[in-house]
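Notebook open. Today I look at how parts of one protein chain meet.

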Amino acid sequence: MADTATFSPSRRLVLTVMGLGAAGFAVGCSAGNTTTAAAGPVTQTALGDYVRIGSDNTITVYLRHIEFGQGVSTGLTTIVAEEIDADWSQMRFEHSPADDAKYGNPAFGGVMGTGGSTAIFSSWAQLRAAGASAREMLRQAAAAKFGVDASDVLLVKGKAEAGGKSASYGELAAEAAKITPPDAARLQYKDATAYEFIGKERDSSKGFGRLDSADKVSARAQYALDYHPEGTLTALLARSPKFGGKVASFDDTAAKAVKGVTDVVQISNGVAVVATDFWAAKKGRDALKITWDDSAAETRSSDQIFADYKKLLAKAGHDARKEGAGAAALRGAGEVITADFEFPYLAHAPMEPLNCVVEYKPGEAAVIHSGSQMPTADKGAAVAVLGLKPEQVSIVTMLAGGSFGRRATQDADLMMEATQIAKAINGKAPLKLMWTREDDIRSGKYRPMALHRMTARLNRDAIEAWGDRTAIQSIMAGTPFMPAGAADLSSIEGGFDIPYAISNITADVHWPTSPVSVLWWRSVGHTHTAYAKEHFFDVAAKKLGKDPVAYRRELLAAHPRLLGVLNLAAEKAGWDTPLPAGKFRGIAVHHSFSSYVAEVAEVSVKDDGTFHVDRVVCAVDCGIVINPDIVRAQMEGGIGYGLSSILGEAVTLKDGAPVQTNFFDYSVMRMAQMPKVEVFIVPSSEPPSGVGEPGVPPIGPAVANALLAATGKTYAKLPLGTKA
């Protein structure tokens with residue numbers, strides 16, 4: 001939630017009731033911008049599942065997607081504001097209850113969840129319809145109030161006018177709610193030429209900006225970390241130092257002697273220390289003496305895992321793509337080039353570590369406050385652990401301080417742990433489970449290690465054959481997200497579907513197993529496939545003596561949107577203009593999450609071999625743009641996130657245990673390393689597509705290609721560090 005008021009029991013009760021599917025009306029506080037409130041309690045009237053009109057003339061949009069910094073609270077609200085003919089000062093947002101029937105994500109098969117850059121993509125048609133439907137209900141209510149024909153009612157900036165009379169939406173809402181919603185097939189939508197908000201730049205003079213910013217800047221915004229009801233106990237969990245390790249035995253004598261420690265309980269993932277505050281729980285956990293059973297644990301170091309992957313690549317894996325003669329075409333006339341690309345484990349490392357609060361009444365109910373990225377999975381886990389009925393469990397989704405995929409897991413690990421601990425202490429108090437930064441880095445879920453063996457046969461001034469063989473641990477296999485027997489091609493998405501017009505293409509994949517827990521990471525498979533594909537393409541182009549942009553143009557003729565961003569980025573970066581001595585350019589282009597992105601990196605290489613990324617020019621085609629400022633921010637953020645990973649980030653294992661513990665040795669990029677970023681948006685009338693992830697994949701290969709131009713070397717082992 002983004003309410004400016006502190007959460008109260010009555011507020012939580014309302015949300016609980018709404019989660020059970022009741023309520024046409026709700027009492028609550030406004031979120032986002034402020035307006036003059038009506039005297040007395042504010043009543044919100046539902047006009048459909050997504051729109052609430054307040055008696056204070058506010059319009060609240062229910063978000064089925066969590067706001068964790070990516071801007072969906074503004075983006076999704078903008079769609080409704082446009083179609084309902086609102087004034088921006090009226091607009092508010094709240095996270096919806098966990099209810100698949102009403103708020104399921106079509107891109108996830110109707111299950112509630114945020115991810116895959118699907119928020120705007122999957123909500124565009126639905127929220128346009130929600131806004132247009134509410135608009136027509138308000139128009140009908142105004143017509144009845146004014147005694148005129150509905151066609152004579154003008155709706156503008158949150159008011160209805162006709163025949164010299166006017167009424168605010170707040171005054172009309174109660175009657176509008178009684179009107180049967182119009183047939184969705186007959187709804188009329190605004191023409192793009194009449195848009196007031198969609199596609200418009202942020203304008204402070206009109207009060208048109210991000211809805212979540214003011215409360216975040218003023219510290220009124222409520223994150224899950226902020227929710228702390230009276231009497232809350234804090235839990236920290238001691239997990240195995242090695243993935244797959246289990247508790248053999250433990251001695252909690254010293255832990256229980258720590259002042260403030262109330263309970264020590266064993267659950268499936270380890271031993272939890274419960275205390276009256278965080279530091280008592282931390283000291284208690286530090287005092288535990290645990291013997292671990294590593295019989296089923298990962299015991300290899302990272303180097304050994306890569307060596308095992310290389311053995312796998314000696315033979316063909318699961319076929320992902322075959323064009324022309326496939327692998328056979330890699331043998332023949334010309335020159336064959338090859339490179340093995342190594343990608344380490346990566347942590348998500350959001351600024352707000354995982355946490356949630358469980359308020360559990362045994363046999364009766366549970367209310368859980370969490371920055372939940374997948375409320376359906378979290379609710380299901382809570383129901384299973386606590387033995388309650390679905391209608392007895394309410395998930396209250398709050399703001400989250402980043403995620404990058406970490407808050408959406410296959411096993412709902414945070415919720416499983418929290419509810420197991422709450423059950424173990426019999427719900428005697430609200431229970432907050434906290435993960436520390438060290439827990440996040442050492443015990444979390446990682447972007448999988450991957451090894452790509454790239455091969456190309458060059459002949460007659462062209463790439464005649466292309467091969468990509470990959471070894472990577474599957475994220476999806478064995479989870480509810482993939483049917484039994486299906487192939488996890490999401491692990492190499494963006495690689496096997498290479499768009500270049502090459503006559504012979506082969507791609508295959510091995511899925512080695514390990515107890516190390518892995519998870520989708522911002523841009524998922526694209527995070528490594530784009531690097532291997534786009535950097536190796538430039539290696540091949542250099543061997544052929546071809547300009548990387550010109551050769552891409554030649555091979556992307558059948559892909560006009562990719563060609564469009566390629567040309568725009570090259571133009572804006574001045575690709576054909578000379579650079580000062582010591583500066584070099586590299587380019588990469590990639591399609592992911594239905595969006596098209598090209599990035600040009602300008603890199604300075606010093607005499608001592610160190611390098612710095614000075615400038616990045618980005619071109620993006622993401623269909624109809626809802627909020628240009630948010631698109632640019634997401635591209636900038638994605639570039640920073642991707643650049644951080646390729647320069648310095650890596651989780652390495654030693655004898656199965658992660659070496660890194662916090663930001664001092666898990667080397668995230670510092671501000672001084674951030675380049676100047678320029679973002680250019682391709683105008684489009686195509687439906688909106690994702691922007692949260694597509695900025696990440698091209699930055700790594702763009703930088704590597706600039707270094708290739710500088711040194712002639714292939715950069716196949718990540719992270720790159722700071723020396724060319």
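This is a predicted model: local features need pLDDT of at least 70, side-chain atom pairs count only at pLDDT 80 or more; totals for chains, interfaces and linings use all residues.

Residues are numbered from 1 along each chain as its sequence is written, and side-chain values use heavy atoms, with hydrogens and water left out.

**Entry 1: domains.** I looked up the assignment, which is automatic or from a database. It gives domain 1 (4-217), domain 2 (225-295 + 354-434) and domain 3 (302-346 + 446-711). I find 39 Å between the C-alpha centres of domain 1 and domain 3.

**Entry 2: contact.** How many residues of domain 1 are in contact with domain 3? I get 21, against 18 residues of domain 3; contact means heavy atoms within 4.5 Å. The two domains bury about 1,400 Å² between them, 57% of it on carbon and sulfur atoms. Buried area is the accessible area (1.4 Å probe) lost on putting two parts together, summed over both.

**Entry 3: charges.** I count two salt bridges across the interface of domain 1 and domain 3. The cut-off is a side-chain nitrogen of Lys or Arg within 4 Å of a carboxyl oxygen of Asp or Glu. I also looked up Arg 202 and Asp 629: their side chains form a salt bridge at 3.4 Å, N to O.

**Entry 4: elements.** Helix 2 (72-84) and helix 4 (119-146) each give two or more residues to the side of domain 1 that touches domain 3. Helix 2 gives the most, with four residues. I take helices as DSSP runs (H or I, at least four residues), numbered from the N terminus.
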